[in-house]
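These are notes for a colleague going through the fold.

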Amino acid sequence: MSASRSTGTTDALGPDEDPGREPSTTAAVPGSRLLAALLDGMDAALCAFDAHGTVTHWNREAERILGWSAAEAVGRRGFAGWAVRTADAVDVQERLLSVMDAPGRQVHEFALLRKDGGRVLVRTQSSGVRGEDGKPAGVYCAFSEVHAQIDLERSIALSEALFEDASWGVVAVDVDLRPTVVNAYAARALGGGRTTLLGRPLGELVVQGVEDLESALQHVLAEGAPPAPAELWVTLRTAEGDRRRCWRSGFLRLTSPLAEEPVPLGVGWLFRDVTAAKLAEQDADRVRFRAKQLHRAARQTAECEDPMEAATTSLDYALAGFADHVVVDLLAGLAAGERLVRAAATPSDAPGPCLPVSGGPLPVRYAPGHPALQAVERADSVRAAAPAGAGGAWAVGHQWPGGSAYALCAVLRSRGRTLGVVTFLRAANRGAFERPDVMYAESAAARVATAVDLARITGVPEA
């Protein structure tokens, strides 16, 4: 409303002026100028009509959309002959002025004319204005181009859908890296409620991996969104215990659309739990690698003249990426089956190949209930793990290399007889042996047992 042909008290008095007091030394902004500045700064186009349908106000956004200046628009009777086609003028005016006698607002869509002759479809919101006597005094009408309004509504609808029904996690994080809005998927993934998670540091929700997550968020605040999604492994604290999850995450820097220069409001974090897919991918990679190792071992051992060399070579290939150490204990007398002797092992102080024990097989004095003795007794594999806080004493007590925290004993059987046991060992910084590991260890043990059996048949010394 950069121009108006109506005059009144707002033209003579500022909003804080009083006719009965002395003028202030600081001139107040005249009320009409303040009103015009406020209305001209609106993002929406706005016009107003008096009770007879004459245009009384017209702001700059209305001028931008239709091309008619305030000087050209104010004082005209309705839109006929300039802002709408003549055939539509009566209908448009009746619909606009009808709001004076109706409560609330009315929404209409009209095809208006630009000054250059082009047509533009606008959506209007109009409401009646009443005078001091309570009688209808006019109408004000805010309007915008339909496509702009639809874009706005679509953006709002998208935002609401993301924070309600999206099939991936959406979290808005402020500049202090605290969640401000969390959708239902993200709340379930983080193990909390949509409101209970708000304002809490991420370190309270994520036990491990929070450093990587916060680093990614800080990078987005400083540099902008990364070009591709990132996969973050985190450990969450839940009522059922710690859970390790993989989140494929995308990030967007949020900036204020109202500021002249981009002012970061935070980060939009979108993620999806891909733990199952990543674990399946890792399992597939592990299976392929182990199959290749067994294949390489078979080709290599086929060239060994010494069966015991073939046995230790098989274990060298099996160790790669699987365990830190391996020891081979064989039964000294097949008939009696009473004692085990250490036939081969990897170095106890550093990684190295599996070699026969120097000086010949040495008896090992395993205590009753030792995992290796259990494997021989059951003719099956046995897994064992050091108790919490046991340190190196557990490995020493079991006569295994120091630092060992997890053991997998696979029995050596050939032609229906138990020949001994092979024990794979892992340090504490690695995970415990799982069922797929047992299957792999048994495959390697079967090859070792065949080689040991061949050595005994041919009379080749076992060490």
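1. Start at Val326. Leaving out residues up to four places away in sequence, Val326 touches Leu315, Leu319, Ala345, Thr346, Cys354, Val422, Thr423 and Phe424. The coordinates come from a predicted model, and the points below should be read with that in mind.

2. Val326 belongs to the largest nonpolar core, which has 33 residues. The residues with the most contacts inside this core are Leu315, Phe322, Val326, Val328, Leu412, Val422 and Phe424. Two or more residues each are given to this core by helix H10 (307-319), strands E12 (325-331), E13 (340-345), E17 (404-414) and E18 (417-427), and H13. H13 supplies the largest share, ten residues.

3. How do H10 and H13 lie relative to each other? Their axes come within 8 Å and cross at roughly 170°. An angle over 145° counts as roughly antiparallel, and H10 and H13 are therefore roughly antiparallel to each other. From H10 the contact takes in Pro307, Met308, Ala310, Ala311, Ser314, Leu315, Tyr317 and Ala318. H13 contributes Tyr440, Ala444, Arg447, Val448, Ala451, Val452, Leu454, Ala455 and Thr458. By class, the contact of H10 with H13 has 14 nonpolar residues, two polar and one charged.

4. H13 (residues 435-458) also meets helix H9 (residues 275-301): the two axes come within 12 Å and cross at roughly 5°. With an angle under 35° counting as roughly parallel, H9 and H13 are therefore roughly parallel to each other. The H9 side consists of Arg290, Gln293, Leu294 and Ala298, and these meet Pro436, Asp437, Tyr440, Ser443 and Arg447 in H13. By class, the contact of H9 with H13 has four nonpolar, two polar and three charged residues. Tyr440 and Arg447 of H13 are listed in the contact with H9 and also in the contact with H10.

5. Val173 has a bridge partner in each neighbour: Pro179 in E7 and Val267 in E11.

6. Leaving aside neighbours within four places in sequence, Leu236 is in contact with Ala189, Leu205, Val206, Val207, Gly241, Asp242, Arg243, Arg245 and Trp247. Val207 is 29 residues from Leu236 along the chain, and their C-alpha atoms are separated by 5.5 Å.

7. Another open sheet has five strands in the order E2-E1-E5-E4-E3, again with antiparallel pairing. Strands E2 (55-58) and E3 (105-113) stand at its edges with a single partner strand each, so one side of each is left without a neighbour in the sheet. The twist here averages 25° from one strand to the next. Strand E1 (residues 45-50) runs antiparallel to E2 and is joined to it by three bridges; Cys47 has Trp58 of E2 as its bridge partner. Helix H5 (residues 86-97) lies across E1, E3, strand E4 (119-130) and strand E5 (136-145), running at about 155° to E3.

8. For the chain as a whole, the secondary structure comes to 13 helices and 18 strands. Of its 463 residues, 40% count as buried. Among contacts with a separation of 6 or more, 50% are between residues 24 or more positions apart.

Conventions
Residues are numbered from 1 along each chain as its sequence is written. This is a predicted model: local features need pLDDT of at least 70, side-chain atom pairs count only at pLDDT 80 or more; totals for chains, interfaces and linings use all residues. Side-chain values use heavy atoms; hydrogens and water are left out. Axes are lines fitted to C-alpha atoms, for helices over the stretch in contact, and angles run from 0 to 180 degrees between N-to-C directions. Helices (H or I, at least four residues) and strands (E, at least two) are DSSP runs, numbered from the N terminus. Angles under 35 degrees count as roughly parallel, over 145 as roughly antiparallel, 65 to 115 as roughly perpendicular and the rest as oblique. Contact means heavy atoms within 4.5 Å. Ala, Val, Leu, Ile, Met, Phe, Trp, Tyr, Cys and Pro count as nonpolar, Asp, Glu, Lys and Arg as charged, and the others, Gly among them, as polar. Two strands pair if DSSP finds at least two bridges between them. A nonpolar core is a set of buried Ala, Val, Leu, Ile, Met, Phe, Trp, Tyr and Cys residues joined through side-chain atoms within 4.5 Å. Buried means under 20% relative accessible area, exposed over 50%, partly exposed in between (1.4 Å probe, protein chains only).
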